[in-house]
Amino acid sequence: YVERIEIRGNVKTRDEVVRRELRIHPGEKFDGDKLKRSKERLYNLGFFEEINYDIEPGPEENKKNLLVTVKETKTGEFSFGGGYSSVDKVIGFVDITQKNFDILNWPTFTGAGQELSLHTDFGTVRQDYVLSFTEPWIFGYPYLFGFDAFQRSHTRSTDVGYGYDETRRGGVFRFGKELTEYDRADLIWMLQRV
């Protein structure tokens, strides 16, 4: 049986982010399938490059402590680029993403498993700006909440491309819940002004 679960190796990531993905809990029998699925869920977060299990003696012969050792990876991304197309003419983009964001952990802002991203497309014809935030566990419960704020606009192009000027401003609210181990349902509500 599992007596205690200890998390080691996580420098930036909070223990609770690891624990909520584990499918085995103290008091339960050791179960290879649950340990395998726990490792899959931890890798799916994208926060760790290595995850290992070990056991330590517990207070009784049939009780052992489970050690979960993780090696963190970089979770921030920055990308940019540019190009030319017949519709959009000259275009560039910048993407900044932090996949292990923590809005309350100043000044590093990492460790809570939230995601924050900023995406911009800018060019001679089109300009898009999107700010996105996702909290996968609201108040310690497995309910996802997220929002996107955006502005998208393009100008009329006489030869090819857009036949009119257009600006879209708005926001998206996302709510989600895991239904089973492999299925989830999301509700998305969008409000925009065109």
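Colleague: Leaving aside neighbours within four places in sequence, which residues is Lys39 in contact with?

Modeller: Bearing in mind that this is a predicted model, Lys39 is in contact with Ile51 and Tyr53 once its neighbours within four places in sequence are left aside.

Colleague: Switching topic, which residues have the most contacts inside the largest nonpolar core?

Modeller: That core has 15 residues, and those with the most contacts inside it are Ile5, Leu42, Phe48, Leu66 and Val68. At least two residues of this core come from each of β1 (2-8), α1 (15-19), α2 (32-45), β2 (48-57) and β3 (64-72).

Colleague: What does Val68 touch, not counting residues up to four places away in sequence?

Modeller: With those residues not counted, Val68 touches Ile5, Glu6, Ile7, Arg8, Val18, Leu22, Leu42, Ile51, Asn52 and Tyr53.

Colleague: Now Ser153: buried or exposed?

Modeller: Ser153 counts as buried, because its relative accessibility is 13% and the cut-off for buried is under 20%. This serine lies in strand β8, which covers residues 143-154, and, not counting residues up to four places away in sequence, Ser153 touches Val125, Arg126, Gln127, Asp128, Glu166 and Thr167.

Colleague: Zooming out, how many helices and strands does the chain have?

Modeller: The secondary structure comes to 2 helices and 10 strands, and from the N terminus on the elements run β-α-α-β-β-β-β-β-β-β-β-β.

Colleague: What radius of gyration does the chain have, and what would a compact globule of 194 residues have?

Modeller: The chain has 22 Å, whereas a compact globule of 194 residues would have a radius of gyration near 16 Å. Taken along the principal axes, the C-alpha atoms fill a box of roughly 80 × 30 × 30 Å, and buried residues make up 34% of the 194 residues.

Colleague: Last one, on charges: how many positive and negative side chains are there?

Modeller: There are 28 positive and 32 negative side chains, with the centres of the two sets lying 2 Å apart. As for the accessible surface, it comes to about 12,000 Å², of which 57% belongs to carbon and sulfur atoms.

Methods
Residues numbered from 1 in each chain as written. Predicted model: local features only at pLDDT ≥ 70, side-chain atom pairs only at ≥ 80, totals over all residues. Heavy atoms only, no water. Core = buried A, V, L, I, M, F, W, Y, C linked by side-chain atoms within 4.5 Å. Buried < 20%, exposed > 50% of the residue type's maximum accessible area, 1.4 Å probe, protein only. Helix = DSSP H or I, 4+ residues; strand = E, 2+ residues; numbered from the N terminus. Contact = heavy atoms within 4.5 Å. Rg over C-alpha atoms; globule rule 2.2 N^0.38 Å. Areas by Shrake-Rupley, 256 points an atom, 1.4 Å probe, with all protein chains shown as cover. Lys, Arg positive; Asp, Glu negative; His and termini not counted. Charge placed at Lys NZ, Arg CZ, Asp CG, Glu CD.
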